[in-house]
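I opened my notebook to look around one protein model, one stop at a time. Come along and check each entry against the picture.

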Amino acid sequence: MAKKLVALCACPMGLAHTFMAAEAIRKAAVEMGYDVKVETQGADGIKNELSTIDIREAEIIIHAVAVTPLGMERFEGCEVYEVGLQEVIKNPIGIIKEIEEDLIAQ
């Protein structure tokens with residue numbers, strides 16, 4: 001069974017950076033062997049919405065956001081790694097590796 005990574009991406013305009021970050025995370029996670037699901041909250045609304053089960057089963061939860069996303073109550077009690085949109089667009093594998101190292105150190 002593959003490790004699971006979920007992410008939520010949202011930016012103020014919801015036109016470009018949200019989707020660029022989502023694609024960067026998705027590609028990097030697949031390359032690193034994760035089963036991945038990425039929710040976007042963009043100008044077109046919520047797409048690929050994460051369920052409570054998706055969130056509870058995930059080893060890694062990433063929020064790449066520049067606004068407060070909708071439905072934050074789904075993540076209560078979960079360890080969420082919040083990263084910048086630009087940061088994750090430029091270096092998604094590096095960010096996932098940093099999170100993995102942090103989880104190992106715990």
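**Entry 1: a covered strand**

I began with β4, which is mostly covered: 6 of its 6 residues are buried. A reminder to myself: the model is a predicted one. I then asked which residues of β4 lie on each side. I60, I62 and A64 are on one side, while I61, H63 and V65 are on the other. Both faces are covered, and these residues are all buried. For the word "buried" I used the cut-off of under 20% relative accessible area.

**Entry 2: the sheet around β4**

Next I wanted to know in what order the strands of the sheet lie. I read the order as β3-β2-β1-β4-β5, in an open sheet of 5 strands with mixed pairing. The edge strands are β3 (45-47) and β5 (81-83), and each of them pairs on one side only. I also looked up how neighbouring strands of this sheet are turned against each other: by 15 degrees on average, with direction ignored.

I then followed how α4 (residues 92-105) meets α1 (residues 17-31). Their axes come within 9 Å and cross at roughly 60 degrees. The two helices are therefore oblique to each other. I wrote down that the crossing of α1 and α4 is right-handed.

Which residues make this contact? From α1 I noted A24, I25, A28, A29 and E31, and from α4 I noted P92, I93 and I96. The residues of the contact divide into 7 nonpolar, no polar and 1 charged.

**Entry 3: two loop residues**

I finished in the loops. T68 is found in the loop between β4 and β5. Is T68 buried or exposed? T68 has a relative accessible area of 70%, so I put it down as exposed; the cut-off for that word is over 50%. I also looked up the separation of T68 and L103, which are 35 residues apart along the chain: their C-alpha atoms are separated by 25 Å.

My other stop was N48, in the loop between β3 and α2 (52-57). N48 has a positive phi of about 60 degrees although it is not a glycine. At 46% relative accessibility, N48 counts as partly exposed.

Terms used: Residues are numbered from 1 along each chain as its sequence is written. This is a predicted model: local features need pLDDT of at least 70, side-chain atom pairs count only at pLDDT 80 or more; totals for chains, interfaces and linings use all residues. Side-chain values use heavy atoms; hydrogens and water are left out. Axes are lines fitted to C-alpha atoms, for helices over the stretch in contact, and angles run from 0 to 180 degrees between N-to-C directions. Helices (H or I, at least four residues) and strands (E, at least two) are DSSP runs, numbered from the N terminus. Angles under 35 degrees count as roughly parallel, over 145 as roughly antiparallel, 65 to 115 as roughly perpendicular and the rest as oblique. A crossing is left-handed if the near helix is turned anticlockwise from the far one by less than a right angle, and right-handed if clockwise. Contact means heavy atoms within 4.5 Å. Ala, Val, Leu, Ile, Met, Phe, Trp, Tyr, Cys and Pro count as nonpolar, Asp, Glu, Lys and Arg as charged, and the others, Gly among them, as polar. Two strands pair if DSSP finds at least two bridges between them. Buried means under 20% relative accessible area, exposed over 50%, partly exposed in between (1.4 Å probe, protein chains only).
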